[in-house]
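Here is a short report on a two-chain model.

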Amino acid sequence: MGLFAPWFLAGFGLLSLPIYFHLLKRHRSETQHFSSLMFFEKSTEASLKHRRLDYLLLMAMRLALLALIVIAFAQPFIWRNTPAGGPSANRVVVIDDSASMGFGNRMANARSEASKLMGENVKVAVFDSQLRFVTPADVPRLEAGTSRSSLGELARALRAYQESVKAPLEVHLISDLQRSSMPAGFSDLRLGGGTRLVLHTVADKTEPNWTVESVTAPARVRDGKTVKVQATIAGFHTNAAARTVILEVNGQPAGKQTLQVPASGRAKVEFNGLDLPHGFSKCAVSLQESDGLKVDDRYLFAIERSDPQRVVFLYGERSARSALYFRDALEAATAGAYTVESYSSGTPANLERASFIVVSDTGGFDDGMLKRYVQQGGSALVVLGPANVSAGKVPILGTLVKASRYAARGAERYQTLGTADDAYAAIAKAGRWEGVHFYQSIDADPGQARILARLTDRTPILLEQKIGEGTVVVLASALDNLANDFPVQPSFVPFVEQIAHRLSGWEEASLNASVDTALDFKGGAGSKAFEAMDPDGKRALTLEESAKGAPLVLSRAGFWEVRRGAGKSQMIAANVDRRESDLELMPKESAELWQSPGTTGQQAAGQSNNESKWPLAAWVLGAAVLAGLLEALVGSRHLVQETA
Amino acid sequence: MIQRFLDPKVLAGIANLELTAKTVVDGFVAGLHRSPDFGFSQEFAEYRMYVPGDDLRYVDWNAYARTDRLYLKRYRGETNTRVTVLLDRSASMGFQAQGVKKIDYARFLGASLAYLAHQQRDAVGLIGFDDEIRDYVEPSSRHGQWVKVLHGLNRSEPGSRTDFAKPFLHFQQFLQRRGMVLVISDFYAPASDVVKTVAPLRQRGNDVVLLHVLDPEEIKPTLKASKILIDMETGEEMEVSPEYVKDVYLKKMAAHLQEMDSLSRGAGLSYFLAMTDQPLDEALRRYLVIRAGRF
């Protein structure tokens, strides 16, 4: 016996209430001296004992009622032997349609095997990373997909299905039973009680397979001549062989190389210089000689070629030097990928087509204009300085600036970086700002912003907040080499580079991901819906789904495009998970162990296959209702006696 | 106004038993609109026609001379009598639910009756008993006898349990001469046993008056919730429910009182139920009626 929700047993504490009211607070008979008990009889006491028994019975009923309700909430169950399979069992035919099933004629064999198992009341399902039921009529049209198979997910789905139908299952699994599909722990393969598993293997041995395992290429470039593309070719259970690799750009061959791949090993090939048009280029690295599994012979990736990004630097009168430091660092880091236009306060600034803006120690620009720019998809780096202390608020965010903090006034002569989000590129890739001394910082109310870093005196130094479609990063210390020595430290250049990449969306321009990856494009408050197109150019999400911020699931291999506000778009290359490329089969012992109920492994995983959890909550609730009726009966009788 | 002083609750506030008795009796007598020297012994009562068999000594020859008819002259009493108060001082007499304790009420009653008798120059005595004879004041009409009786009554505190049989056997030796025996008790014993025990006194020529003293709570208990009752004599405990009192006890008590009354009458005993919330004059009146009927 067990409980589905044992924490509800804490409700047993309620049992103290009837005990308190019945035993501790109950009416106690007073004593009184009386002349003689000559006219009283022992039968009087008997009736009182009877009433007392009634009273105790009433308390017992109430205790039982409460206890049963608590137990019902805890959802008890018993382990019950159920016949696995058998003539009355529901037969489910599960067909593996993962990418590896595309090897040779595995899928055709699977369809053939499935058709033999068809009959009345037979359910058919396909599985890769999840289980989906289909109609028997769909079976002849089933093809291998590009998803990865997960036997652990299959076992979990079958357990859930068996609990929902509450009947024995006879599951026929038609699969190549890849070793890479197995979960980390064998216990995750545990099936529900009463489920009999029959394995139909469509792969009789481990097949050799070649694949383009990965490709490393820049996401965005100014000039294709400097592009370096590096691809890794892997062989699984293969002999050493020479393989020819072809690089394609927008469907056109852009390079071809032959490399020697060791037996069951890896080798890298590099292509230098590409002729890329402006905008996104759909690129692929593929093997010239295809093998039995074609879907992993080609690796897709995208590169965006763009002109230098325009950065608008707005600064106050006292922070002219900050523009100089920033521009120099940005040019040094990105080799001309950005051009910086500086505007001092009081001059009209042109924010059109700016990749991002920097607002440095000034409150002299129209805050409404800056805010609109961000809400429409622009991004900004706000550097706080003395001018913001005078203005009393943080530009764009509008939160209060509390005070200016001087390290020299405290026990320390300067502050350094304290706690920080080490996953944030502008911190991690800038060496955690090592050696940077902060002498003056601006203590601003973070509001809804995420605090990315604090100084050693706990002052928030770096914050980030999504506003509309855009992002605002706040650095709470001026970049004039007075408030701190950040601009002259080595970490300043990578900091500026990473901030620029983040704010311009550089790092998001193109992305490589595996099939079945879910991507979240939900922006900050007030962000608009995004538009996602699948590899066929059709909408992947409805407007309602995208408005609600539903994740985009890359359900198949190909180029996916996401269009967002402010003319920003993103190209995502979805490739087959390369774990599908390893066609090594599940060990026979494991397969036998999985489909044989009551074995050691199964017992270690929990209960034997023949036992299922039989919920008792309904019975317990029934008993509670009965106890309630009895309680009402005994209670009314007791009440009648009391009033008499 | 004086009647107010006959209320047991008022009398309970008077610490002096002598004063209490005098208050009761004088108030009672004043209420009768008769002389305070009202007496019985030689008082003329009535004439009645002579019938054959009557004692010729009581014929009023003067009346015969005048009227030529034979009349008998009747007197209420020819001699003084002996009045013995038998006071039950068992533990149950200590019960008090409202008003006064039964033993106090019994003492007022005993003192008042003794005073009344003493005023008539009757010999007055006292026997206090529970399961033994605890006090004995020999009946006498001498001066100061009433004070002795009062002292005896003052000493009467509730003792142990009641047992009529044992002390009444001893009464025989103290009650050699005929007279009035006033038994003041709550009679917590079967009526047949009480009457069977007391009846020999009557057979010896005594006028026996059973004064049954009970608290109203004993006759009709007001039990609102179940209570554990403790027997004042035996210490026995019993939990009693209101419904039992309502359904059974009242009937049993009523039957007991009825039985006491009927069996007493059947045995020639006078029986009177005195409740502690009732004025004492009713008890005194009953006494006088019985006393008058004795001669």
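## Where the chains meet

In this predicted model, 18 residues of chain A are in contact with 24 residues of chain B. On the chain A side, strand E2 (30-34) and helix H2 (42-73) of chain A are the elements that give two or more residues. E2(A) gives the most, with 5 residues. The chain A side divides into 7 nonpolar, 9 polar and 2 charged residues.

## Two helices of chain B

Helix H4 (residues 102-119) and helix H5 (residues 145-154) of chain B have axes that come within 10 Å. The axes cross at roughly 170 degrees. H4(B) and H5(B) are therefore roughly antiparallel to each other. The contact residues divide into 7 nonpolar, 3 polar and 1 charged. The table lists them by helix.

| Helix | Residues in the contact |
|---|---|
| H4(B) | Arg107(B), Gly110(B), Ala111(B), Ala114(B), Tyr115(B), His118(B) |
| H5(B) | Gln145(B), Trp146(B), Val149(B), Leu150(B), Leu153(B) |

Which residues of helix H6 (residues 165-174) of chain B are buried? They are Pro167(B), Phe168(B) and Phe171(B). Seen down the axis of H6(B), these fall within an arc of 95 degrees, so they line one face of the helix. On the other side, Ala165(B), Leu169(B), Gln172(B) and Gln173(B) are exposed. The cover over the buried residues of H6(B) includes strand E4 (123-129), strand E5 (133-140) and helix H7 (191-203) of chain B.

Note on methods. Residues numbered from 1 in each chain as written. Chains lettered and ligands numbered in written order. Predicted model: local features only at pLDDT ≥ 70, side-chain atom pairs only at ≥ 80, totals over all residues. Axes fitted to C-alpha atoms, helices over the stretch in contact; angles between N-to-C directions. Helix = DSSP H or I, 4+ residues; strand = E, 2+ residues; numbered from the N terminus. Parallel < 35°, antiparallel > 145°, perpendicular 65-115°, else oblique. Contact = placed C-beta atoms within 7 Å. Nonpolar A, V, L, I, M, F, W, Y, C, P; charged D, E, K, R; others polar. Buried ≥ 20, exposed ≤ 12 C-beta atoms within 10 Å, placed from the backbone. Arc of directions from axis to C-beta.
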